[in-house]
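Work through the exercises below with the structure open. Try each task before you read its solution.

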Amino acid sequence: MSKNTTQIRAAVVREKGGPFRIETLSLESPRRDEVLVKVVATGWCHTDMVARDKVYPVPHPIVFGHESAGIVESVGADVVNVAPGDSVVLTFLTCGRCKPCRLGRMAHCEKTFPLCFGGARLDGSTATVDGQGEKVHEHFFGQSSFATYALANERNVVKVRSDVPLERLGPLGCGIQTGAGAVMNALNVRPGTRFATFGAGAVGCSSIMAARAVGATTIVAIDIVPSRLEMAKELGATHAINSKQTNPVEAIRDITGGGVNYSLEAAGDPRAVHQAIEALGSLGTCGIVGAEPLGTEVSFDVTDLMLPGKAIRGILEGESVPDIFIPSSSNSTRRGASRSRNWSSFTASIKSIRLPKTVKMAARSSPSFA
Ligand SMILES: [Zn+2]
Ligand SMILES: [Zn+2]
């Protein structure tokens with residue numbers, strides 16, 4: 001631990017499924033390639049909750065949070081892309097050296113798991129200790145931003161214009177680029193086509209906005225929460241199906257006369273994966289973005305895949321190149337294409353994320369952690 005440390009307030013999870021407790025920690029100064037960011041706001045994502053519950057093998061105690069925006073406080077000696085005072089969005093961390101990274105497909109970086117879920121730097125070191133001097137894991141997605149300050153790497157810090165509302169931008173770093181990027185980059189949805197998203201949360205709603213933007217003419221939202229389906233229609237869905245009441249596959253076949261060109265599984269539910277494949281028409285592609293427990297398997301009818309030429313593919317982080325996606329999307333936010341609500345405390349925001357009507361939660365760092 002370096003002698004130069006910053007005292008931070010952070011939400012620490014100490015055991016599987018345990019509470020997010022606000023603690024004071026000491027955070028190291030940036031190493032040569034690192035960036036210390038004063039967090040302005042941080043979004044909640046389903047992945048924070050599944051990691052808390054050890055659906056993925058993440059070490060505890062740990063600070064989660066991986067959708068943040070803030071102001072650069074200080075930088076390491078080798079950092080050239082950002083400087084103190086810059087407005088930035090933090091996104092997922094990649095290695096920059098493996099084949100997917102070199103191909104510009106960094107969302108599928110071969111080091112994704114240790115870099116984003118390892119709770120430490122790749123060399124195994126951590127940057128925070130608690131009041132008793134005990135190690136607290138961090139570097140979650142290379143940031144651990146449920147805190148007043150986050151220590152990121154130059155590779156996962158993206159500079160944005162200083163006149164954009166930072167409190168709305170954090171989710172661009174994960175949830176929004178996952179949904180919008182899946183449509184625009186990975187599935188490459190074409191004008192005049194038919195698209196369906198299974199799940200109309202933050203990722204699904206982002207995919208709907210993107211599908212509308214690229215000119216899809218039939219956009220179907222499937223969810224079990226009526227208020228989410230209403231929002232989906234406001235954002236551009238032409239049809240909304242409550243899969244608790246209606247068989248979504250049959251409904252999609254009726255609406256489209258055979259099936260959609262593209263489907264997205266954004267619910268993290270094996271049944272929805274199955275339905276998203278079934279709902280495809282000839283030559284259709286199903287993209288899977290929902291986080292499932294490790295080892296989850298889904299069955300499908302092989303002939304139903306072969307004869308119509310259907311394809312299934314996994315997609316991470318919308319296959320976005322964050323340095324391109326985030327600055328361009330932040331300009332849309334500047335024009336007012338998002339809604340926000342302030343929360344009096346971090347713990348209040350935790351309660352609200354459990355409400356089914358909540359689509360995306362963002363907590364302001366201050367005064368939440370004060
Ligand atoms: Zn890589
Ligand atoms: Zn996320």
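This is a predicted model: local features need pLDDT of at least 70, side-chain atom pairs count only at pLDDT 80 or more; totals for chains, interfaces and linings use all residues.

**Exercise 1. The fold overall**

Task: State how many helices and strands the chain has, and what share of its residues is buried.

Solution. Start with the secondary structure: there are twelve helices and 17 strands. Next, burial: 56% of the 370 residues count as buried. Finish with the contacts. Take those between residues at least 6 apart in sequence; 69% of them join residues at least 24 apart.

**Exercise 2. The zinc site**

Task: Find which residues coordinate the zinc ion (ligand 2), and through which atoms.

Solution. List the donors: Cys45 gives SG, His66 gives NE2 and Cys174 gives SG, at 2.1 to 2.2 Å. Now write the spacing, which is C-x20-H-x107-C. Last, check burial: His66 and Cys174 are both buried.

**Exercise 3. Helix α4 against helix α5**

Task: Decide whether α4 and α5 are parallel, perpendicular or oblique to each other.

Solution. Take the geometry of α4 (residues 175-186) and α5 (residues 202-214): their axes come within 7 Å and cross at roughly 40°. Angles under 35 degrees would count as roughly parallel, and 65 to 115 as roughly perpendicular. The two helices are therefore oblique. The crossing is right-handed. Now the contact: from α4, residues including Ile176, Ala180 and Val183 take part, and from α5, among them, Val203, Ala210 and Val214. Sorted by class, this contact holds nine nonpolar, five polar and no charged residues.

Definitions and conventions:
Residues are numbered from 1 along each chain as its sequence is written. Chains are lettered from A and ligands numbered from 1 in the order in which they are written. Side-chain values use heavy atoms; hydrogens and water are left out. Axes are lines fitted to C-alpha atoms, for helices over the stretch in contact, and angles run from 0 to 180 degrees between N-to-C directions. Helices (H or I, at least four residues) and strands (E, at least two) are DSSP runs, numbered from the N terminus. Angles under 35 degrees count as roughly parallel, over 145 as roughly antiparallel, 65 to 115 as roughly perpendicular and the rest as oblique. A crossing is left-handed if the near helix is turned anticlockwise from the far one by less than a right angle, and right-handed if clockwise. Contact means heavy atoms within 4.5 Å. Ala, Val, Leu, Ile, Met, Phe, Trp, Tyr, Cys and Pro count as nonpolar, Asp, Glu, Lys and Arg as charged, and the others, Gly among them, as polar. Donors are N, O and S atoms within 2.8 Å of the metal (3.2 Å for Na, K and Ca); water is not among the atoms, so sites may look incomplete. Buried means under 20% relative accessible area, exposed over 50%, partly exposed in between (1.4 Å probe, protein chains only).
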